[in-house]
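This report describes a predicted model.

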Amino acid sequence: MTVNTKISLKGQSGSLAEVSNQLDVLEKAGSPSFSSRLKDIGLYPLKPTQIDVFQVNLGKMCNQVCKHCHVDAGPDRKEIMTRETMQLCLKALDNSNIRTVDLTGGAPEMNPNFRWFVEELSKRNKHVIVRCNLTIILANSSYHDLPEFYKAHNVEVVSSLPHFSARRTDSQRGDGVFEKSIRALQMLNAVGYGMEKTSLKLNLVFNPSGAFLPGDQKQLENEFKRRLKNDHDIEFNELYAITNLPISRFLDYLVNTGNYEEYMQKLVDAFNPSAAAGVMCRNTISIGWDGYLFDCDFNQMLDLKLENGAPRHIADFDESKLESRDIILNNHCYGCTAGAGSSCGGSTV
Amino acid sequence: MSKTYYDPSDLKKFGDISNFQPELGKKFFDYYGEVFKEGALTQREKALIALAVSHAVQCPYCIDAYTSTSLEKGADEEQMMEAIHVAAAIKSGALLVHGVQMMNKVEELTM
């Protein structure tokens, strides 16, 4: 165990809480660099296709302290998006054709302006995705009605459940998380989420709970569906298999358990050119809690801001300029191109 | 020379067995690849069988490899240990069933 289960790496003053130290470790990942691999297949510089997804990180505050968290989120993190920055996001959306808004965190629901923001997005007929950690629904009574709130605004709920066993889930997300997650899923099912006859989408995320890569997404989905139905009478729509990227707390775990070199080698060996062509940063723009713009949530956590004349802040949002930007790359990007590929929507190949 | 008979890094050199006999090596790896594809059994079930057999044949390389593969395919510790118990039950059962041979011989030799 490398991470105190109560506070973030930053709260513990862990050396890998510092972005510069993470980048140093990634640089030592060996050859070839991710950029050179893209050069080999004619994808460098990596350019966007078009922006389909507007992903907003509402803050690093969270009720959980998961060991693999790339955000280094936790109850001790106070960085959250203000309503003023949310208004800038709405203004940007009003001047664009982007349909999908993906809200993440931390626990996005802990932002006091979360519901207001969802309501505003809903008025604009946006397809809203909320990355809900499930346990927040049970955290206190003010959150118990979240399933009804999501339903009222036809929010798509995407939730992490790394395994259908309590041991595998709790080892990654904290003691007791599995049991609460199951109760929250049952509450979501009760209002219609994940049920065959409704349009309310409930998708689960499988993250490996250790230094290994995810297996085939469809096979995992079949097994999750069978076990969750048989054991807990739970239904859901799709399972997204997502590779853990070697940054932040997962990087800390890899380094402290002596798994870093081997894990990076696995990612490098599994590089898939088809997955590289379909990486999510090509159709996504990521907005940080303070309004800065990034290619993805991972680059956001490594503070790799947009460069070379691209707009850097949501106040300067310009869709056409963003669609011609150069995407910022580093060796953590190997996590999105390994095997069947990985994105916030699961496999890409 | 290696100081131990088993070196974990040798697992990555498994493919090198083709160097001395490419034709048979290729046939073996083609067959191996086909066996572990999804079929009437899922890849997770095959990984668990492989894990159990790895213990039965006491191959440390195979144990490392199929522990990782079982986790990747979504198996958990409980399933993995149960699979090993299946191998253990067959190994011990195979030993014990020979007790019948002993009993037959006792019958033959004694009054």
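In chain A, strand β1 (residues 53–57) and β2(A) run parallel and are joined by 5 bridges. Within this pairing, Q55(A) has D102(A) of β2(A) as its bridge partner, and N57(A) stands opposite T104(A), which also belongs to β2(A). Strand β2 (residues 100–104) of chain A is mostly covered, with 4 of its 5 residues buried.

On to the next pairing: β2(A) is joined by 4 bridges to strand β3 (residues 127–131) of chain A, and these two strands run parallel as well. D102(A), the bridge partner of Q55(A), has I129(A) as its bridge partner in β3(A). The chain passes from β2(A) to β3(A) through helix α4 (residues 114–123) of chain A, in a β-α-β crossover that is right-handed. A right-handed β-α-β unit is likewise made by β1(A), helix α3 (residues 83–94) of chain A and β2(A).

## The whole sheet

The strands described above belong to an open sheet of 8 strands in chain A, with the order β6-β5-β4-β3-β2-β1-β7-β8 and mixed pairing. Because β6 (239–241) and β8 (293–294) of chain A each have a single partner strand, they stand at the edges, and one side of each is left without a neighbour in the sheet. In general, strands of a sheet pair through backbone hydrogen bonds, and the pairing may be parallel or antiparallel.

## A loop position in chain A

Between α6 (146–152) and β4 (156–160) of chain A there is a loop, and N154(A) lies in that loop. This residue counts as partly exposed because it has 13 C-beta neighbours inside 10 Å, a count that falls between the limit of 12 or fewer for exposed residues and that of 20 or more for buried ones. Along the chain N154(A) and I242(A) are 88 residues apart, and their C-alpha atoms are separated by 24 Å.

## The fold of chain B

Chain B has 4 helices and 0 strands, and along its sequence the pattern is α-α-α-α. The radius of gyration of chain B is 19 Å, whereas a compact globule of 111 residues would have one near 13 Å.

Of the 111 residues in chain B, 14% are buried. Among the contacts in chain B with a separation of 6 or more, 60% are accounted for by residues 24 or more positions apart.

## Where chain B touches chain A

The contact between the chains involves 12 residues of chain B and 13 residues of chain A. On the side of chain B that touches chain A, the elements that give two or more residues are α2 (43–56), α3 (60–72) and α4 (77–109) of chain B. The largest share of this side comes from α3(B), which gives 3 residues. Sorted by class, the side of chain B that touches chain A has 7 charged, 4 polar and 1 nonpolar residues.

Definitions and conventions. Residues are numbered from 1 along each chain as its sequence is written. Chains are lettered from A and ligands numbered from 1 in the order in which they are written. This is a predicted model: local features need pLDDT of at least 70, side-chain atom pairs count only at pLDDT 80 or more; totals for chains, interfaces and linings use all residues. Two strands pair if DSSP finds at least two bridges between them. A crossover is right-handed if, with the strands pointing away from the viewer, the path from the first strand over the helix to the second runs clockwise. Two residues are in contact if their C-beta atoms, placed from the backbone, lie within 7 Å. Ala, Val, Leu, Ile, Met, Phe, Trp, Tyr, Cys and Pro count as nonpolar, Asp, Glu, Lys and Arg as charged, and the others, Gly among them, as polar. The radius of gyration is taken over C-alpha atoms; the globule rule is 2.2 Å times the number of residues to the power 0.38.
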